[in-house]
Amino acid sequence: MPGQTTPKTYGTVSPEARAGMTGLEFVQGLADGTLPLNTIAETLGYDVVEAANGRVVVAIVPTDRHLNPSGTVHGGLAATLLDSCMGLAIQTTLAKGLAQTTVEFKISLLRPITPETGLIRAEGLVLNAGRRVGTAEGRITDGNGRLLAHGTTTCLIFAP
């Protein structure tokens, strides 16, 4: 995947290790492969490919293993990509010792996604990151820049 510098591993980062990193350091570690991606990324096959303050991109090439009974990619994949990029975008704005978790999110699926769609990218951008609540928006696009889905999220910011 673009932006990858170290082979990806999967697992979790200990709470102690996470507490010693800013949110941006943590998410950049996911993107550059110095930290393990979460196991749902392994299960679904997506990757964190870009991380900057207030912006995160995840990417995947959908395959037959992502299909619903109708033969298109299950909407749950789009939901997971958007939830991931938007929540991680908020995470990039957090100081050491803080975390975030999704309180609610809404998505709109605009076009069908199939394995023939090829590489899709979900970009999350922070709208606001306060002391207790963060909001972000996300967009899934194909290789031609066509909008496939979009969404918004509200996340709780807390000290674990």
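**Entry 1: one residue**

Is Glu 50 buried, partly exposed or exposed? I noted first that the model is predicted. Then I looked up the relative accessibility of Glu 50, which is 26%. Buried means under 20% and exposed means over 50%. Glu 50 therefore counts as partly exposed.

Next I placed Glu 50 in the fold. Glu 50 is in strand E1, which covers residues 47–52.

**Entry 2: what Glu 50 touches**

I set aside the neighbours within four places in sequence. Glu 50 is then in contact with Ala 31, Arg 55, Val 56, Val 57 and Arg 121. I checked Arg 55 in more detail. The side chains of Glu 50 and Arg 55 make a polar contact at 2.6 Å.

I also looked up Asp 32. Asp 32 and Glu 50 are 18 residues apart in sequence. Their C-alpha atoms are 8.3 Å apart in space.

**Entry 3: the sheet**

Which order do the strands take in the sheet? I read E1-E2-E4-E5-E6-E3. The sheet is open, has six strands and shows antiparallel pairing. E1 and strand E3 (99–109) are the edge strands, and each pairs on one side only. From one strand to the next, the twist averages 20 degrees.

I then turned to a pair inside that order. Strand E2 (residues 55–60) and strand E4 (residues 120–129) pair in the antiparallel sense, over six bridges. In E4, Arg 121 stands opposite Ala 59.

I asked which strands helix H2 touches. Helix H2 (residues 23–32) packs on the sheet and touches E1 and E2. The direction of H2 makes about 140 degrees with that of E1.

Helix H4 (residues 75–91) came next. I found H4 lying across E1, E2, E3, E4, strand E5 (133–141) and strand E6 (147–158). H4 runs at about 140 degrees to E3.

**Entry 4: the largest pocket**

What is the volume of the largest pocket? I noted about 650 Å³. The largest pocket is lined by 29 residues. Closest to its centre are Arg 18, Phe 26, Leu 88, Gln 91 and Gln 100.

I then looked for the elements behind the lining. Helix H1 (15–19), H2, H4 and E3 each give two or more residues to it. H4 gives the largest share of the lining, six residues.

Key:
Residues are numbered from 1 along each chain as its sequence is written. This is a predicted model: local features need pLDDT of at least 70, side-chain atom pairs count only at pLDDT 80 or more; totals for chains, interfaces and linings use all residues. Side-chain values use heavy atoms; hydrogens and water are left out. Helices (H or I, at least four residues) and strands (E, at least two) are DSSP runs, numbered from the N terminus. Buried means under 20% relative accessible area, exposed over 50%, partly exposed in between (1.4 Å probe, protein chains only). Contact means heavy atoms within 4.5 Å. A polar contact is a pair of N or O atoms within 3.5 Å; within protein, one must be able to donate a hydrogen and the other to accept it, and residues adjacent in sequence count only if both atoms are side-chain atoms. Two strands pair if DSSP finds at least two bridges between them. Axes are lines fitted to C-alpha atoms, for helices over the stretch in contact, and angles run from 0 to 180 degrees between N-to-C directions. On a 1 Å grid over the protein atoms alone, a cavity is a set of points where a 1.4 Å probe fits but cannot get out, and a pocket is an open set with protein on both sides within 12 Å along at least five of seven lines; lining residues have an atom within 4 Å of a point. Grid points are joined across faces, edges and corners, and a volume is the space filled by probe spheres set on the points.
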